[in-house]
Structure formats: structure tokens, C-alpha cells
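Here are my notes for you, in numbered points. Keep the model open while you read them.

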Amino acid sequence: MTTQETRDPQKRDPRIPLLYAAMALALLAVGFFQSWTVALAILNLCLISAIMSLGANLQWGYAGLFNAGIMGFAALGGVAAVLVAMPPIPEAWRAGGPGLGLAALAIAATVAACLYLRRRLTGGARNLAVAATIIVGYFFVRYFADPATDAIESINPAAQGNIGGLGLPILLSWIVGGLFAAGAAYLIGKVALGLRSDYLAIATLGIAEIILAVIKNEAWLTRGVKNVTGLPRPVPAEIELQRMSWFLDLASQIGMSPAMLSTIMVRGAYALLFVAVLIVLMILCERALNSPWGRMMRAIRDNRDSAAAMGKDVTRRHLQVFVLGSAIVGIAGAMLVSLDGQFTPGSYNPLRFTFLIWVMVIVGGSGNNFGAVLGGFLIWFVWIQAEPAGLWLMQVLTSNIAFGPGVRAHLMDAAPHLRLFLMGAILLVVMRFSPQGLIPERRARRA
Amino acid sequence: MENILNALVILANFIIVPGLAYGAQLALGALGVTMIYAVLRFSNFAHGDLMAFGAMLVILTTWAMQGWGVSFGPLPTALLALPFGIIGAIGLVLLSDRMVYRFYREKKSSPVTFVIASVGLMFIYNALTRFFIGTEDIRFEDGERFIIRAAEFRAMTGLAEPLALRTSQVITVVVAVAVVAAVFWFLQKTRTGKAMRAYSDNEDLALLSGIDPKRVVMITWMIAAALATIAGTLYGLDKSFRPFNFFLLLLPIFASAIVGGIGQPFGAIAGGFVVAFSEVSITYAYRRFLSHLLPEEWMPSGLVQLLSTDYKFAVSFVILVLVLLVRPNGIFKGREI
């Protein structure tokens with residue numbers, strides 16, 4: 001583009017309403033042609049994806065940080081949902097509480113000792129002393145924690161076998177999930193930020209796998225791979241609605257089956273909650289982007305050295321934006337688990353929870369919040385609809401050709417994997433031909 | 001004396017032999033990653049899935065060969081199929097380079113752009129592998145499975161503890177030594193290898209001396225694809241083939257490359273063994289080992305396992321972080337990150 005335009009926060013990109021309207025039409029089309037319950041299910045996950053994408057955009061779009069560990073932060077949000085909302089299990093606390101408490105004390109003591117040694121000693125002695133403290137501390141923690149976790153895991157293992165939660169409303173966990181993710185991000189950022197982008201990506205990739213490994217194996221915490229089901233819900237259940245007389249009257253007035261109407265109403269209620277969260281986060285992110293802080297972040301992203309020369313503390317700012325972005329992902333992770341009503345650590349897969357979010361940010365437009373949200377909607381929509389579309393395509397392609405029955409069955413089985421191919425292709429095509437995404441970042445000047 | 005021998009046999013059986021095999025697999029993977037880094041200057045996130053893709057081609061060829069009644073005697077048929085897998089993987093990476101990376105190279109894009117492009121290719125390789133072979137666990141080892149069986153070893157030595165030596169473990173080490181020797185000979189002695197090292201050290205200077213960058217890039221990809229296919233096949237023979245496991249190998253492989261000093265071929269080999277032996281020795285339960293050395297009353301009650309095997313990724317990660325903090329350029333002083 002040859003024209004020079006000055007940045008005007010009031011003036012919106014004309015593409016935004018157009019593309020958003022097209023997205024809304026696509027969802028409506030699903031409602032009309034497939035069913036409204038399907039459309040609402042897609043919408044809910046679109047909203048959650050949009051929030052994750054907003055968090056990733058904060059890190060990548062504002063600050064140029066490559067976080068390949070989005071999955072880990074989303075899973076931490078899920079842990080928060082379990083720990084906040086599940087009913088407490090007093091037997092577990094009686095059996096393992098003291099041991100866990102002592103283990104926590106041992107951790108705190110180890111950390112305190114390390115911090116003390118770091119301050120008092122220097123050079124090689126410091127590293128040795130800190131390493132020795134960590135090793136000794138590790139054995140103390142294991143000494144207290146192992147019997148306690150065994151005791152907890154042996155209490156009613158078929159249904160419980162963990163410490164339970166606090167029994168608080170699950171909506172609270174959305175905030176707690178954000179805090180969990182923020183805490184983890186702070187620790188990770190302290191170690192990994194300030195490295196070159198490739199290194200940060202590898203380090204975050206690793207940390208996400210470790211978070212998942214902990215969640216899967218520490219059964220005393222969230223039952224691990226045994227999954228937590230039956231989480232309390234932020235909205236009434238379908239069954240409860242169907243028992244109310246006003247609801248049945250409404251159903252007969254509209255002429256819809258109560259089962260259908262209750263599903264629509266419950267999913268609609270979730271959608272309203274999610275929209276509210278999205279709007280709040282969107283306002284905050286937009287304000288941040290247009291504030292001096294946002295300008296500083298972009299300055300650091302575009303030229304780290306000159307920003308540092310201007311006296312900006314680059315590593316500190318990176319840590320800040322890394323924590324904020326991860327917190328948003330954590331919120332979305334808690335929302336996802338609330339929507340599912342269950343926490344299944346085995347379902348977290350880096351392609352779906354980390355790299356798909358990346359596709360969303362880059363396709364939507366990195367650095368632009370409206371772009372990131374649109375990317376979240378669009379890519380989730382394509383991801384879901386590509387599966388039936390792939391099957392249909394395979395059916396059409398194989399119907400006229402004389403394949404053996406085995407080959408055809410294999411192709412039909414394999415068709416769902418084609419959506420991974422589609423995602424890769426979309427990412428590469430957008431990067432190549434429209435590197436700024438569907439809704440580009442608004443720049444002060446364009447050359 | 002016999003106690004000590006028994007303890008040593010346990011160590012060999014559960015730590016040294018598996019560690020050597022796993023280390024050789026990681027080393028081959030890391031060598032590919034490090035060479036791509038040295039010449040193309042980015043971390044290839046698609047490397048794990050490239051390994052899976054190459055190994056998949058080998059498995060498909062193996063099945064076809066088994067169908068035709070071809071076998072390699074006591075050795076796995078997969079070794080015969082290996083060249084076909086390598087050719088296929090080379091075709092795939094050259095196509096990827098032509099269609100994806102070349103554009104960014106000509107534009108001199110930032111390394112992170114290459115990394116994101118490799119994420120896109122990761123999706124595509126992943127889809128191809130899953131499309132052709134599915135997501136299930138596949139064992140494709142045939143031929144003689146053991147060189148030394150546990151029972152034979154017991155009968156031979158009269159020791160209480162067995163040492164089993166699987167064919168796949170020996171093949172892994174032998175093939176890895178041969179491949180690494182070939183790669184080093186190529187890098188040190190041939191004209192093209194020297195051109196590659198010169199290009200990696202100083203791109204501008206290499207261009208001035210008339211080195212053809214296209215050729216260097218092409219050969220780097222070919223070597224990386226061959227190494228990835230070999231590493232993937234050996235890993236699949238030794239453990240089993242499951243596409244997702246190859247993605248998970250990415251972390252230990254990156255850790256190996258970085259520990260050794262990224263961009264340093266020799267470092268990648270050393271790093272592979274450092275990571276493999278740390279992983280195996282930290283996640284091994286030493287109870288039986290100690291039972292031969294300690295008197296009854298001193299025996300600890302637990303498994304004497306430092307870390308559960310489920311946390312083996314944590315080991316690679318901790319090594320990675322320690323290296324970053326203590327010696328950011330790796331053991332062999334690789335490229336500045």
C-alpha cells in the first residue's frame with residue numbers, strides 16, 4: 001500500500017464488520033441447515049478458542065513471544081475448575097492432609113534456603129550449594145508427600161481418590177484458572193524469557209508436556225488419567241429445566257420438544273456467559289494495546305535493542321506480557337472444562353491446544369485483537385466442519401472408483417486426519433500470501 | 001564378588017544397553033536438527049513428524065516386502081526397506097523447501113518465521129502419516145528378536161541376573177556409528193561437506209568464495225531427511241511406531257542439540273547420549289540393583305527411583321534449562337543464541 005495513514009483508534013478497519021458478519025452468517029447457516037444445537041455447540045467452542053487466541057495474540061502479536069506451551073496453561077485452567085468446584089473430600093484431607101502440609105513446608109523451606117544461599121554466596125560455590133539444597137529438599141518432600149498421596153489415592157479410588165475441591169461456584173474457577181496459569185507463566189518466564197525466540201518456543205513446548213505429565217500422574221490432585229466427571233455447572237442442567245412447569249409451557253407454545261429446547265437454552269446460557277467474558281477481556285486488551293504500555297510493547301517487539309537503549313526493561317516487559325497472555329489462556333481453559341463438565345487430561349493434545357491456537361492468531365491477524373478473535377472463530381469452525389466435509393469428499397471421490405472394500409474403508413477411516421493437512425495448508429498459505437492475516441495490525445504508518 | 005557382578009549385569013541390562021540405543025536414536029535426530037540449524041538457521045519443529053513420516057514409509061515398504069516374501073534373514077526387513085523410506089523423506093523435504101522455505105530464505109525472513117512455517121509443515125507431515133498408517137501402535141520388527149536371551153545368559157554365566165540383548169538395540173548402535181562416521185567423513189573430507197561447513201560458519205564469506213547456496217541447502221535437507229528416517233526407523237524398531245511419540249521426541253532431541261551446542265555436529269552426538277543416559281538413569285528404580293550390594297537390614301523400603309518414568313520429559317527439560325543457565329552455548333560451544 002502506498003498511502004500513508006495515521007493511526008486513529010476511533011477509525012475501525014472496514015473489513016472487521018464485513019468479516020464478522022460473514023462469520024455470523026456461517027454459524028447461522030449451520031443453525032438452519034444442520035441444527036441449532038450443533039450451531040450453539042460450535043459457537044461455544046468458537047468463543048473459548050477466541051479467548052485463547054486473544055491470550056496468544058497478547059504474547060505473539062504485541063510482544064513477539066513464541067509460546068509453544070499454550071496447552072499447559074489451558075490444562076492448568078482445567079485443574080483450577082476441579083479444585084475450586086468439586087466438593088471437598090474430608091477423609092482424604094484427614095488421611096493425607098498433614099503429610100501434604102509437611103511436604104508443602106519442605107518445599108517452602110527449600111525455596112527459602114535456595115534464595116538465602118543465592119544471596120549470600122557467589123560463583124561456583126553458589127551453584128553447588130543451591131543444587132545440593134534442591135536435592136536434599138527433594139528427598140524431604142518425597143519423604144512427606146509419598147505416604148500422604150498414597151493414602152489419599154487409596155480412599156474410594158473408583159470415584160474419588162483425590163483431595164477434592166473447595167466446593168465453591170465454578171464461575172470462581174475462571175478467575176482462579178487465570179491465576180494458576182499466571183503463576184506458572186511467571187516461574188517459566190523467569191527462566192526462559194530473554195532467550196532467542198526459538199529457545200523460548202522449545203522451553204515452553206517442554207514445560208507444557210511437563211505440566212500435562214504432572215496432571216496425568218499426580219492422581220491425588222485431580223485423579224490423573226482417571227478423569228474427573230460431574231463437575232458442578234454454572235447454569236442449570238437440561239433435566240432440571242425439563243421439570244419446571246413454565247419451561248414445559250414455553251416448549252409447547254413454541255412447538256419444540258422439551259429436550260431440544262432445554263439443550264438450546266443451556267447452551268445459549270453458556271454462550272452468554274462466554275460472550276460476557278470475551279467482551280470484558282476484549283475491552284481490556286484493546287485498552288492495553290492503545291495505551292502507552294501497548295506502544296512500548298510494540299516498540300520492543302519491532303526493535304528490541306533500540307527500545308532497550310531508550311531505557312525500557314525488555315525482559316521485565318516480556319515477563320509481564322507473558323504472564324498476562326497465559327492468564328487469559330488459563331481463563332479459557334477453566335471455561336472449557338466448565339462447559340464439558342469433566343476434566344480429562346488425556347484429551348490435551350499439543351496440535352489441538354497449542355498449534356491450532358497459533359493458526360488462529362496468524363490467520364486472524366497477529367497484533368490485532370479483532371483479528372485474533374475472528375481467527376479463533378473461523379479456524380474452530382473450519383476445524384469442526386472439516387471432519388464431515390472430509391468424509392463427504394472421500395465418499396464422493398471413492399464412490400466412482402473400483403477400490404477394494406479394504407482400501408475404501410481405510411480411506412474413510414483416515415479422512416478425519418485430512419483436517420490436520422487443511423490446517424497446515426491454511427497456515428502456510430496465509431503466511432505466504434497474506435502474512436498480516438485477515439485483519440492486519442493497525443500501524444501508525446504504512447510504507 | 002558374585003553380588004557385584006549381578007549388580008553390574010542389572011546396570012548393563014536396564015541402563016547401559018537401553019541408554020546406548022536410545023542415545024544413538026536421539027543423536028541421529030539431534031544431528032539432523034543441528035545441521036538444519038547450522039545451515040538454515042532455525043529450529044525445525046517438523047523434525048519429529050519428519051521422523052514419523054520416514055519411518056512410516058519404511059513400515060509400508062516392509063509390509064510390501066513381507067508380502068512378496070522378501071526377508072533379510074535374521075535381521076529385520078525394515079533395514080532393507082530403509083533406502084526407500086529415505087528417498088521418500090528426501091522427496092518430501094525438498095518439496096517442502098521448494099514450496100515453503102525457499103520463499104522466506106529469499107526474503108531473508110526472521111528465524112521465527114521459519115519456525116512458524118515449520119509448524120505448518122508439521123501439521124501436514126502429521127496428517128500424511130496419520131492418513132496412510134493411522135494412529136495406532138505398530139510393531140514391525142521381524143527376524144531374530146534377540147541376540148542374547150535372558151535364559152541363555154543365565155545358563156552361560158551362572159549369574160542370578162539376566163542380560164538380554166535385543167537385535168534392535170545392537171542394530172541401532174551399529175547403524176548409528178556407521179551413519180555418524182559417514183556424515184563426519186562427508187563434512188570433513190569432501191568438497192561439498194567443506195562448503196557446507198564454510199557456509200555455516202560465515203554465509204557471506206562462503207558466497208564470496210563461490211559456494212552455491214542452493215546446493216548447500218539442498219544437501220543439508222537431504223542429509224537431515226536421511227538422518228530423520230534412520231532415527232525414526234531405529235526408534236520404531238526398538239520401541240514401537242506410534243506417530244504421536246515422534247512428536248514427543250522433539251523435546252529430548254532439541255535438548256540434545258542444545259546441550260551439545262546447537263550447530264555443532266559432534267555436540268549433537270554427545271548431547272544425545274547425555275540426555276539419554278540422564279533420562280534412563282534418573283527414572284530407573286534401583287531397588288534390585290541395591291539388593292545385591294546392601295545387606296538386608298540396610299535396604300530402603302521404596303523402589304529407590306528418583307523420578308517416575310512418566311516424568312522423563314522433565315529430565316530433558318531440566319538439562320535444557322541447566323545448560324541455558326550455566327553454559328548457554330552448550331558443551332561444545334555452539335552458535336550464539
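**Notes on pockets, cavities and helices**

1. Let's begin with a pocket. Helix 4 of chain B gives the most to the lining of the second largest pocket, with four residues. Helices here are DSSP runs (H or I, at least four residues; strands are E, at least two), numbered from the N terminus. On a 1 Å grid over the protein atoms alone, a pocket is an open set of points with protein on both sides within 12 Å along at least five of seven lines, a cavity is a set where a 1.4 Å probe fits but cannot get out, and lining residues have an atom within 4 Å of a point.

2. A word on the source: this is a predicted model, where local features need pLDDT of at least 70 and side-chain atom pairs count only at pLDDT 80 or more, while totals for chains, interfaces and linings use all residues. Residues are numbered from 1 along each chain as its sequence is written, chains are lettered from A and ligands numbered from 1 in the order written, and side-chain values use heavy atoms, leaving out hydrogens and water.

3. The lining splits into 15 nonpolar, eleven polar and seven charged residues (Ala, Val, Leu, Ile, Met, Phe, Trp, Tyr, Cys and Pro count as nonpolar, Asp, Glu, Lys and Arg as charged, the others, Gly among them, as polar).

4. Now for the cavities: there are two of 30 Å³ or more. What lines the second largest cavity? You'll find Leu205(A), Glu209(A), Phe247(B), Leu248(B), Leu250(B) and Leu251(B) there. Helix 10 of chain B gives the most, with four residues, and the lining has five nonpolar residues, no polar and one charged.

5. Next, look at chain A, where the axes of helix 10 (residues 245-254) and helix 11 (residues 258-290) come within 9 Å and cross at roughly 110 degrees. Axes are lines fitted to C-alpha atoms over the stretch in contact, with angles from 0 to 180 degrees between N-to-C directions. So helix 10 of chain A is roughly perpendicular to helix 11 of chain A, a label for angles of 65 to 115 degrees. Residues in the contact (heavy atoms within 4.5 Å) include Trp246(A) of helix 10 and Met265(A) of helix 11.

Notes:
Points joined across faces, edges and corners; volume = space filled by probe spheres on them. Parallel < 35°, antiparallel > 145°, perpendicular 65-115°, else oblique.
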